[in-house]
Amino acid sequence: MPHLLSPLLLCSVLPGLALAQSPTRPSFVPMTAPDPTTVTKRAVRSMEAGWNAPDCQAFAAPFAATADFVDIRGGHYRGRAEIARGHQGIFDSIYRGNLVSMAVADARAIGRNAVVARVTSTLEAPSGALGGRLASTMTLVLTRACRRWQIASAHNTLVSPSGGGRP
């Protein structure tokens, strides 16, 4: 009776490895990476829609279960669930009623299964202590496992109104 490995095990252990070729077993050929900008735009659209809903689960959906997120104040969140909880807290308080627009500034592959990207973000705050317009730049690292791209790391930095860099 042949031994069958579960698809989950194959996806978690074997990506990128070439299995030995034999007449009875075909070789494993990793698929090529899609366009890095397209991969990033999908994740960014989900984050933006989640923020504007406001829906913390939708915002956190493109993040890996073990992702890291550093917010504009330097707070560190570990994992999709913590990222969602943290964003629900700000959606219910300091960022209530605010809308965000995000755009991919640039994205590039760093191997077959990783993308690094820079995303610009503009927050429109209608009132309150954060009233007005805030700009930030976010660096994302996206990784692929089992044909699914997820954000492994995000670092969001507030852009100074006095300049000091381009968003």
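Trainee: Which residue is the bridge partner of L142 in β6?

Mentor: That's I151. Keep in mind that we're looking at a predicted model.

Trainee: How do you know that β5 and β6 count as paired strands?

Mentor: Pairing takes at least two bridges. Strand β5 (residues 132-145) and strand β6 (residues 148-158) have 10 bridges, in the antiparallel sense, so they count as paired.

Trainee: What makes β2 and β3 the edge strands?

Mentor: The open sheet has 6 strands in the order β2-β1-β6-β5-β4-β3, with mixed pairing. β2 (76-78) and β3 (99-109) each pair on one side only.

Trainee: OK, on to T40 in helix α2. Why does T40 count as buried?

Mentor: Buried means under 20% relative accessible area. T40 has 0% relative accessibility, so T40 counts as buried.

Trainee: Which residues does T40 touch, leaving out those up to four places away in sequence?

Mentor: V104, A107, V115, A117, V119, L140 and L142. There's our L142 again, the bridge partner of I151. And helix α2 lies across β1 (63-70), β3, β4 (114-125), β5 and β6.

Trainee: How many aromatic pairs does the structure hold?

Mentor: It holds 8. Take W51 and F91: their ring centres are 5.0 Å apart and their planes are at 85 degrees.

Trainee: Why is that pair called edge-to-face?

Mentor: Ring centres must lie within 6.5 Å to pair, and planes over 60 degrees apart count as edge-to-face. With 5.0 Å and 85 degrees, W51 and F91 pass both tests, so the pair is edge-to-face.

Trainee: What does the pair tie together?

Mentor: W51 lies in helix α2 and F91 in helix α4 (residues 80-91), so the pair ties together parts 40 residues apart in sequence.

Key. Residues are numbered from 1 along each chain as its sequence is written. This is a predicted model: local features need pLDDT of at least 70, side-chain atom pairs count only at pLDDT 80 or more; totals for chains, interfaces and linings use all residues. Side-chain values use heavy atoms; hydrogens and water are left out. Helices (H or I, at least four residues) and strands (E, at least two) are DSSP runs, numbered from the N terminus. Buried means under 20% relative accessible area, exposed over 50%, partly exposed in between (1.4 Å probe, protein chains only). Contact means heavy atoms within 4.5 Å. Rings of Phe, Tyr and Trp (its six-membered ring) pair if their centres lie within 6.5 Å; planes under 30 degrees apart count as stacked, over 60 as edge-to-face and the rest as tilted. Axes are lines fitted to C-alpha atoms, for helices over the stretch in contact, and angles run from 0 to 180 degrees between N-to-C directions.
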